[in-house]
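Dear colleague,

I am passing the structure on to you below, and after it I set out what I found when going through it.

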Amino acid sequence: MADMDRAHGLMVGIAVGNLLGVVTEGWPQRRIARDFPDGVSEIAAKRGYPDDDDLAQAIEIADAAAMDGGLDIDDLGRRFWAWAETNGLGMGGLTADVLALYGGSYPQRLARIRAAGNTRPAKGVPIVEASRQAWGGDRAGNGALMRCAPLAIRWRDDPYRLVRESVVSAVPTHWDPRCGWSCALANLVAAAALRGETLSPDDLLRAARDGMAASLPVLGRYGYRDEIPSCVMEAVAIASRSELDMVQFDGPDMGFTLLSLQAALICYWQAKGFESALSGIIEAGGDTDTNGAIVGAILGARFGLAAIPERWRRQVDEIRAGRISMESLADRLAAPARETGAASEGETSLRHCRTGG
């Protein structure tokens, strides 16, 4: 890749954004302003704090994407079940319901009690069926969007493949098409940021539509069509003309995938710097740890690792001592992307949701 600083920034940005927002998760903006009168500027977690769901699942996605071939939905189901059994910290309600159907019972979530244990075998229905059943027709949480950004490094120069794999990454736990479209759109702008480019709203929607059309032989079986849902197009349009302070992030829809997508797009188009924009989305309240992870990835890709404050990078390294570094994951993802080269197959030159994650 031409600029590994941006790839490192994307991965480290996920961790920084997630950890910065953990303390204020679910808080209204006014409470954050009261309790943090000087703004949210420091990470509170200490050494040994387990990877929260946003970060942990992003790492699973990164590890899967770095393997030969594309993502495999059954493999992702096994990965998420193993994580939920042995960690599960911060797991959203929709993901828990899916994994309960897949596993035959709710995951142990051993991190809650700081206990060690083994992964029980999953004894429920296949992960695709579990995802469809738990969906219920109107659950579009942001739990798929929070974890998908590593794919932008792996398929940075292949927009068709990036759209396909982004949607596949959502399917195991987030069946709703709004979730898959959110992942595709966010990853297209993340990939553009990695290349140092800025996509217009029209170009972004066109790239997503073209990628979906090329991927329908695979994605059609999960209910996708090449027509972008009107609510998704509306979310992009709102983001294209908004600043962060123009959108309410701490209302009843705080866990809605399109709201978090708006946060990512606003920062892609409007942010002036990493620290100010990331603190801004945390201080806006709502699902702060997830929005922080999503926005942190976009900002890291746009501004690069060097733009992330050194104190935050040191804190992430200290908290996660003994675990694989985010930079190493970026290197693994970039390696097959280099091998693929410029001849990749796809390279071509609000609805309310009360249930989160």
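Which backbone nitrogen lies 3.0 Å from a polar atom of the side chain of Glu-165? It is the backbone nitrogen of Leu-71, where a polar contact is a pair of N or O atoms within 3.5 Å, one able to donate a hydrogen and the other to accept it, with residues adjacent in sequence counting only if both atoms are side-chain atoms.

Please bear in mind that this is a predicted model, in which local features need pLDDT of at least 70 and side-chain atom pairs count only at pLDDT 80 or more, while totals for chains, interfaces and linings use all residues. Residues are numbered from 1 along each chain as its sequence is written, and side-chain values use heavy atoms, with hydrogens and water left out.

Glu-165 lies in helix α8, residues 159-170 (helices are DSSP runs of H or I of at least four residues, strands runs of E of at least two, numbered from the N terminus). At 4% relative accessibility Glu-165 counts as buried, that is, under 20% relative accessible area with a 1.4 Å probe and protein chains only. Beyond its neighbours within four places in sequence, Glu-165 is in contact (heavy atoms within 4.5 Å) with Gly-70, Leu-71, Leu-151 and Trp-155.

Gln-57, found in helix α3, residues 53-65, is likewise buried, at 1% relative accessibility; setting aside neighbours within four places, its contacts include Phe-80, Trp-83 and Arg-147.

For the protein as a whole, there are 16 helices and zero strands, and 59% of the 357 residues count as buried.

Methods:
Buried < 20%, exposed > 50% of the residue type's maximum accessible area, 1.4 Å probe, protein only.
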